[in-house]
Amino acid sequence: MDVTFTCADGRVLAGQLFAVPAGVARRGTVVIASATAVKASYYHRYAAYLAENGYAALTFDYRGIGGSRGGSLRGQHVRWFEWGSLDIDAVLAWALAQADGLPVHFVGHSFGGFGVGLAGHAAGLGRILTVGAQHAYWRDLRLRHQIGHWGRALLMLPLVGILGYFPAKRLGLMEDLPAGVALDWARSRKDFTTAAAGPVRSALLAHQAAVTAPILALAPSDDSYATTAAMERAVAYTPNSPSTVLHLDPEYYGEPSLGHFALFHGRYRDSFWPQTLAWLDGGAWAGV
């Protein structure tokens, strides 16, 4: 069912609630956060799977994306860190308020898996599972992907300056991006929190320090973004969370390659998805 989430600054986000079916015991709630420039609908199959197995699942679009686009992106002042500190935070607040004493867990893909630490309400989470989570610091990429990153950056910068947003769809890429998000991504800071200043940065650092949920950080071994260095950098922002970083062998899943996006596709319903469910339930990771 469609739901909305109101952020601390008044911005309203579009989301979806996948309720646990009648007759299935409810185990808790899972909030699912998207990768950059990816609509929430990409994760709906996985959300439905979680609901069928007892976890109410929430998906949502960040401000400026999909159902939360909010009209023309020209003139929208959106920063990448706000997707965590405002958007993810609002969804977590809603989920925790509706939890009925059951745990609230989190699954984040790419930026979503990193951005959760920027949210104040992340302190209330039970477990955090991330897939390919990082914030695209260019030096963490392999050399050939560093070149690709700077190629995209050189494309983004003038287009954002001319149009006031990044027109990804026109270029055959994913979703258009607000200017601030595109520029933050292109500039690729070593310390992500330095994108903010003064009390805003202090709040981000405090939110990250307040997270204590166990983090399981996963990525396929051929994920071009989620190198070991990138994943270890991401979990280091939440020093009070016990974390495990693992790369997954595509051959274990019967594939020559998985890349950055594959694991949320329905063909992993009987392999990767049950592994994540077992871990969210409190078990150990069963896989490679």
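A cavity is, on a 1 Å grid over the protein atoms alone, a set of points where a 1.4 Å probe fits but cannot get out, and its lining residues have an atom within 4 Å of a point. The views below come from a predicted model, in which local features need pLDDT of at least 70 and side-chain atom pairs count only at pLDDT 80 or more, while totals for chains, interfaces and linings use all residues. Residues are numbered from 1 along each chain as its sequence is written, and side-chain values use heavy atoms, with hydrogens and water left out.

**View 1. The second largest cavity and its lining.** Trp 80, His 135, Asp 184, Ser 188, Arg 189, Phe 192 and Ala 195 line this cavity, which has a volume of about 50 Å³, a volume being the space filled by probe spheres set on grid points that are joined across faces, edges and corners. Its lining divides into 3 nonpolar, 2 polar and 2 charged residues, where Ala, Val, Leu, Ile, Met, Phe, Trp, Tyr, Cys and Pro count as nonpolar, Asp, Glu, Lys and Arg as charged, and the others, Gly among them, as polar.

**View 2. The largest cavity.** The structure holds 3 cavities of 30 Å³ or more, and about 150 Å³ of space lies in the largest of them. It is lined by 18 residues, of which Gly 113, Phe 114, Ile 215, Ala 234 and Val 235 are the closest to its centre. Two or more lining residues come from each of α3 (111-115), β6 (128-131), β9 (215-220) and α7 (228-236); helices (H or I, at least four residues) and strands (E, at least two) are DSSP runs, numbered from the N terminus. The lining has 12 nonpolar and 6 polar residues, and no charged residues.

**View 3. The buried face of helix α7.** Ala 230, Met 231, Ala 234 and Val 235 are the buried residues of α7, buried meaning under 20% relative accessible area, exposed over 50% and partly exposed in between (1.4 Å probe, protein chains only). Seen down the helix axis, these residues fall within an arc of 125°, so they line one face of α7; the arc is that of the directions from the helix axis to the C-beta atoms. The elements that cover them include α3, β9 and β10, contact meaning heavy atoms within 4.5 Å.

**View 4. The largest pocket.** A pocket is an open set of grid points with protein on both sides within 12 Å along at least five of seven lines, and the largest one holds about 280 Å³ of space. Of its 22 lining residues, Thr 36, Ala 37, Met 174, Trp 185 and Tyr 225 are the closest to its centre. Helix α4 (residues 143-163) gives the most to this lining, with 3 residues, and by class the lining has 15 nonpolar, 5 polar and 2 charged residues.

**View 5. The aromatic pair of Tyr 62 and Phe 111.** The whole structure has 22 aromatic pairs, in which rings of Phe, Tyr and Trp (its six-membered ring) have centres within 6.5 Å, with planes under 30 degrees apart counted as stacked, over 60 as edge-to-face and the rest as tilted. Tyr 62 and Phe 111 pair edge-to-face, at 6.4 Å centre to centre and 75° between the planes. Because Tyr 62 lies in the loop between β4 (55-60) and α2 (80-97) and Phe 111 in helix α3, the pair ties together parts that are 49 residues apart in sequence. Tyr 62 is buried at 1% relative accessibility, and Phe 111 is buried with a relative accessible area of 1%. Both belong to one aromatic cluster, whose members also include Trp 80, Phe 114 and Phe 192.
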